[in-house]
Amino acid sequence: MAGGYLGKILNVELSAGSLTTEALDETVAREYIGGYGVGARLLYDRVAAGVDPLGPDNILGFMTGPLTGTPALIGSRFVVFGKSPKTHTWGDANCGGHFGPHLKFAGFDGVLLSGIADKPVYLFINEGRAELRDAAHLWGKNVAQLEETLKAEHGKDIQIASIGTAGEQRSLMSCIITDGGRAAGRSGLGAVMGAKKLKAVVVSGALKVPVADEEGLNALRREYLDQPGGFYSSLRDYGTCAGTASAARSGDSPVRNWGGAGPVDFPRERAEKISDDSVVALQKRRYGCWRCPISCGGWVRVGEGKYALSATEDSIGHKPEYETLWALGTNLLNDNLKSIVKANEICDQYGLDTISVGATIAFAMECYEQGVISTQETGGLALTWGNDEAIVALAGQIARREGFGDVLADGVKVAAQKIGRGAERYAIHVCGEELPGHDPRFIPALATTYLMDATPGRHTQGGAWPPPGIKVRGTKMKYVYEGQAKDHYKIMTSMHVVNAAGLCMFGYLVYHLELIPKQLTAVTGWDCSLDDLWEIGKRIGTMRHVFNLREGHNPLTRNVPRRMVGEPPLQEGRLKGITIDYETMRRELLELLDWDVHTTIPSEESIRRLGMEFLLQDLPNFHVPVV
Ligand code: SF4
């Protein structure tokens, strides 16, 4: 087996309680690298079309990449994947922290879990040995209590990926948490884990990840450590909270449930209260994922007052990321930072995606403003914009499925269906996934990403933010819709490689792109060029997409939130008058990929070019709507 891999996947069939070890096929590893690349390839063979995402036949996977847990720069990540119960498409979520590397130190590149346990269990993996253990004493616990209990039982060196009670209750906004608050956040995969009655995966061990050229890899690390680019210093000094205020000003951050205009509805002096220095003022110490030289995370403390943190004795919690500050702040016109930190703690502890929770509260606030709901439905909560007490209270109700929180606990699409009375007008989502905090009216190419990536409504899959080493047309051309596909393709394809290799997107934005093939060559021993990686990225993108096609999902049929594309355009603010021509961008991307512009089915030739002939017999059998 090539370097970077332990060469083993653990298969766990929860209904039978059986565990088997499978050799990782080196050809699959070479063609799909790892992470969601290998994940999509394996699940295509193992998960039949049409399975219930919350049923026994869905597979929940945890997969590292070859760079995870090696001295490679920013090699700390793993990906969780499966069919999403939220969008009924391919679902995945990338996560940092320490779990990914330690899964490899425990002896496996990945774990695939099928079936449903007959009682709550957790999976314990220790240096190649694995067993299912009774989780009766853990079920009902939230993340901090669970981590404390498991560390008391197994020692403090274990790493844990777990669900809070939101996942147990199958909230479609639930996620999987590591390190007390780092989330594999999107696609509702916490609900899949909860449905399987799997409370946690616990890993322990000190096995070494083999590296083909250790000396060369260490030399690369030293060389590139000295030449960070991109927004390294702002990430190091602030984390992703840097720029929350400027994003509200520029129009990057949607405000008022995507219906408002940043500088008008959430002016500078308010936005600065939840950004940059204001956030860092609460920070007690910085925090990084495994061996990350950037360390963009942090621990904040709120020890007193109505928003005092309570999950730990010392009132410490994770520093909110940009997306959290946007979702629970900017988009709700909430400038009370401590309330955001508190709501973030609730989400971390119960295991909820902060983007979705914030977006769902925004939806509820607009329903309240428009008279679709009143205090009768909300149990007395006045859901007025910026009402920080109501935001924290509602986040708690959502987390516990309590009162009106139960109506909202599965996100805006389900909530709008439950409420009726025209509420769907205010539900901003694509295929059930709430949109993140980057507005296509400001970065038009993101419309393509939200509408076309295999995971609907995802902002980290291309369309924006090229790393050093990828040249794009530049922001002056961003509203020229023709000719965007080439740039989109490059960023999208490189992101597939990042997610497959075990890398972090922020690190990818800091170090030159050429570092990826160099590190992969040093770790695996394969000769990886940038050209090879473009091909692999395209293959991975095709694999995720074909998973959806087999489900009968044509992304051209996705709902398009009108506000997202400026229909009608805003009447004020920086984005005044802008309407996005997403159809041109979408069509040109399909043409570039050589996918049919009506069905999105890849051409036979494109499949052959990527060496994916195994798909050719399946493609004619897909029942995909023609648009
Ligand atoms: S840049 Fe931040 S998110 Fe990425 S690996 Fe480093 S600490 Fe983790």
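**Ground rules.** I worked on a predicted model, so I took local features only at pLDDT of at least 70 and side-chain atom pairs only at pLDDT 80 or more, while totals for chains, interfaces and linings use all residues. Residues are numbered from 1 along each chain as its sequence is written, and side-chain values use heavy atoms, with hydrogens and water left out.

I took helices (H or I, at least four residues) and strands (E, at least two) as DSSP runs, numbered from the N terminus. I then looked up strand E4 (residues 78–83), which runs antiparallel to E5 and is joined to it by 6 bridges; two strands pair if DSSP finds at least two bridges between them. Val80 stands opposite Ala93 in E5. The two strands form a hairpin with 6 residues between them, and I noted a positive phi of about 55° at His88 in the turn.

For burial I used relative accessible area: buried is under 20%, exposed over 50%, and partly exposed in between (1.4 Å probe, protein chains only). In strand E5 (residues 90–95), 5 of the 6 residues are buried, so the strand is largely enclosed by the rest of the structure.

I checked the length of H7 (residues 214–225) first. The expected span of a helix is 1.5 Å times one less than its number of residues. For the 12 residues of H7 that should give 16 Å, and the end C-alpha atoms are 16 Å apart, which agrees.

Which residues of H7 are buried? I found Leu217, Leu220, Arg221 and Tyr224. Seen down the axis of H7, its buried residues fall within an arc of 100°, so they line one face of the helix; the arc is that of the directions from the helix axis to the C-beta atoms. Glu215 and Arg222 are exposed, on the face of H7 turned away from its buried side. Helix H23 (515–524) is included in what covers the buried residues of H7.

Leu225 also belongs to H7. I list Leu225 as partly exposed because its relative accessibility is 34%. Leaving aside neighbours within four places in sequence, Leu225 is in contact (heavy atoms within 4.5 Å) with Leu73, Pro293 and Tyr511. Leu225 and Tyr511 are 286 residues apart along the chain, and their C-alpha atoms are separated by 8.4 Å.

I paired rings of Phe, Tyr and Trp (its six-membered ring) if their centres lie within 6.5 Å; planes under 30 degrees apart count as stacked, over 60 as edge-to-face and the rest as tilted. The count by this rule is 9 aromatic pairs.

Tyr5 and Trp526 make a tilted pair, 5.8 Å centre to centre with 45° between the planes. Tyr5 lies in the segment before strand E1 (8–13) and Trp526 in the loop between H23 and helix H24 (530–550), so the pair ties together parts that are 521 residues apart in sequence. Both Tyr5 and Trp526 are buried.

Tyr287 and Trp299 make an edge-to-face pair, 5.3 Å centre to centre and 80° between the planes. I place Tyr287 in strand E13 (residues 283–287) and Trp299 in strand E14 (residues 297–301), 12 residues apart. Tyr287 counts as buried at 9% relative accessibility, and Trp299 counts as buried at 17%.

I also logged one aromatic cluster, formed by Phe62, Phe78 and Phe99.
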